[in-house]
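Subject: Structure for your review

Dear colleague,

Please find below the structure that I am handing over to you, followed by an account of what was found in it. I would be grateful if you could read the two side by side.

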Amino acid sequence: MSFDRQTTLRAPVTLTGIGVHSGAPATICLKPSSANSGVVFLRKGLDAEPAQLIHAKHTKVSATELCTVVGDKASASVATIEHLMSACSGLGLDNVLVEIDGPEMPIMDGSAAEFVNAIESAGVTTLQAARRYLKILQPVRIEHGRAFAELLPSDRDGFRLDVEIDFDTTVIGRQRKVFDLEPVAYAREISRARTFGFMRDVEQLWKAGFALGASLDNTVAIGEDKVINPEGLRYADEFVRHKVLDAIGDLALAGYPIQGEFRSYCGGHRMNVRILEALFADRANYAIVEAEPVYAAPRAVQMAAAAPAAFAPDLH
């Protein structure tokens, strides 16, 4: 896949499940889309109303409590979009139409893994349009109590995330993950990290209308001093990896792949969206840059470059 051009799906793919907060069933169909359209939700299943298009942009965010919601909650909205957005961003999928017949994205297994599998099974193809990037030109920072989030310029190409969490439980404690966003590494290191919650909060969440679809099948449940799920954790630091997954999804609401660095401490959906608001508040903070065409070497040169070295290390 060429990263100088925009991408979309080769073919449609459908998934079904329930919302982790609403408990409502939902079917989504990911469909190929045209260049420069971005990620767009087509919200169907509205009572006596036509389907409505909702663009996945930070300006369309209407709630960030425990999940990210886009659209008008009084008319048409889609909740818990962050895991699909993360999969799209992680795999370099620029343009996709997401048809959904319910109020909330299906949680699947609590990670982005099944969205990654669906995208890979459908296939990703390049379009003729050049890819455009959001280049961070100067530091932007927001704070809330001890928590902070910031976007910084970087000399390297691509997008680096440096995420740290600190919970007052020995099950989690203080964890930090530095990650350079790249499709293969994303699928292997980030996509399988599941959402998590505390057993002590369950009744309060239910009363507030949250976690109605949560179970050990889609959430890492944390008890007083241990993980309740019988299978345990997928990674020793699965909690901070999931926070990286969420941050990738929320920051994809910028509408362009980011060139720069993101850092956060004790952040979450609200901080992730607020840092985008702060970034776009001043045009001096960023530039929209178009990818330079990648030089296509003659086939003989490509084949020679692709040949493994005789004494190459074993990468398995």
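Leaving out residues up to four places away in sequence, Y186 touches S86, A87, G90, L91, A112, V116, F179, L181, S191, L245 and I248. Please bear in mind that this is a predicted model. Y186 also belongs to the largest nonpolar core, which has 70 residues; together with L30, F41, M105 and F262, Y186 is among those that touch the most other members. Helix α5 (residues 238-251) supplies the largest share of this core, namely seven residues. As general background, nonpolar side chains in soluble globular proteins tend to be buried together.

Y186 is one of the buried residues of helix α3 (residues 183-190), the others being A185 and I190. Why do they lie on the same side of α3? They cover an arc of only 100 degrees around the axis, and therefore share one side of the helix. The face turned away from that buried side carries V184 and R188, which are exposed. The cover over the buried residues of α3 includes α1, α2 (113-122), β15 (174-180) and α5. At the start of α3, the backbone nitrogen of V184 has a side-chain oxygen of E182 within 3.3 Å.

Helix α1, which forms part of that cover, spans residues 82-91 and is itself mostly covered, with nine of its ten residues buried. The buried residues are E82, H83, L84, M85, S86, A87, C88, G90 and L91. Of these, S86, A87, G90 and L91 are among the contacts of Y186. After α1 comes G92, which has a positive phi near 75 degrees.

The sheet of β6, β7 and β8

Three strands form an open sheet in the order β6-β7-β8, and their pairing is antiparallel. β6 (61-63) and β8 (76-79) are the edge strands, each pairing on one side only. On average, neighbouring strands of this sheet are turned by 40 degrees against each other, with direction ignored. Strand β7 (residues 69-72) is joined to β8 by four bridges, and S77 in β8 stands opposite G71.

The loop between β6 and β7 contains L66. L66 is not a glycine, yet its phi is positive, at about 70 degrees. Is L66 buried or partly exposed? With a relative accessibility of 43%, L66 counts as partly exposed.

A second residue with a positive phi

Most residues other than glycine have a negative phi. C266 likewise is a residue other than glycine with a positive phi, in this case near 55 degrees. C266 is located in the loop between β18 (258-265) and α6 (269-280). Its relative accessible area is 22%, so C266 is partly exposed.

The hairpin of β12 and β13

Strand β12 (residues 140-144) pairs with β13 in the antiparallel sense, over five bridges. H144 stands opposite A147 in β13. Two residues lie between the strands of this hairpin, and G145 takes a positive phi near 60 degrees.

A149 is part of strand β13 (residues 147-152). A149 has a relative accessible area of 0% and is therefore buried. Which residues does A149 touch, not counting those up to four places away in sequence? They are V140, R141, I142, F262, R263, S264, M271 and I275. F262 in this list is also among the core residues that touch the most other members. A149 and R131 are 18 residues apart along the chain, and 26 Å separates their C-alpha atoms.

A polar contact of E99

E99 lies in strand β9 (residues 96-100). Its relative accessibility is 14%, so E99 counts as buried. The side chain of E99 makes a polar contact with the side chain of K31, at 3.0 Å. Apart from neighbours within four places in sequence, the residues in contact with E99 are T27, I28, C29, K31, L42 and K44.

Yours sincerely

Terms used
Residues numbered from 1 in each chain as written. Predicted model: local features only at pLDDT ≥ 70, side-chain atom pairs only at ≥ 80, totals over all residues. Heavy atoms only, no water. Pairing = 2+ DSSP bridges. Axes fitted to C-alpha atoms, helices over the stretch in contact; angles between N-to-C directions. Core = buried A, V, L, I, M, F, W, Y, C linked by side-chain atoms within 4.5 Å. Buried < 20%, exposed > 50% of the residue type's maximum accessible area, 1.4 Å probe, protein only. Contact = heavy atoms within 4.5 Å. Arc of directions from axis to C-beta. Polar contact = N/O pair within 3.5 Å; in protein donor to acceptor, adjacent residues only side chain to side chain.
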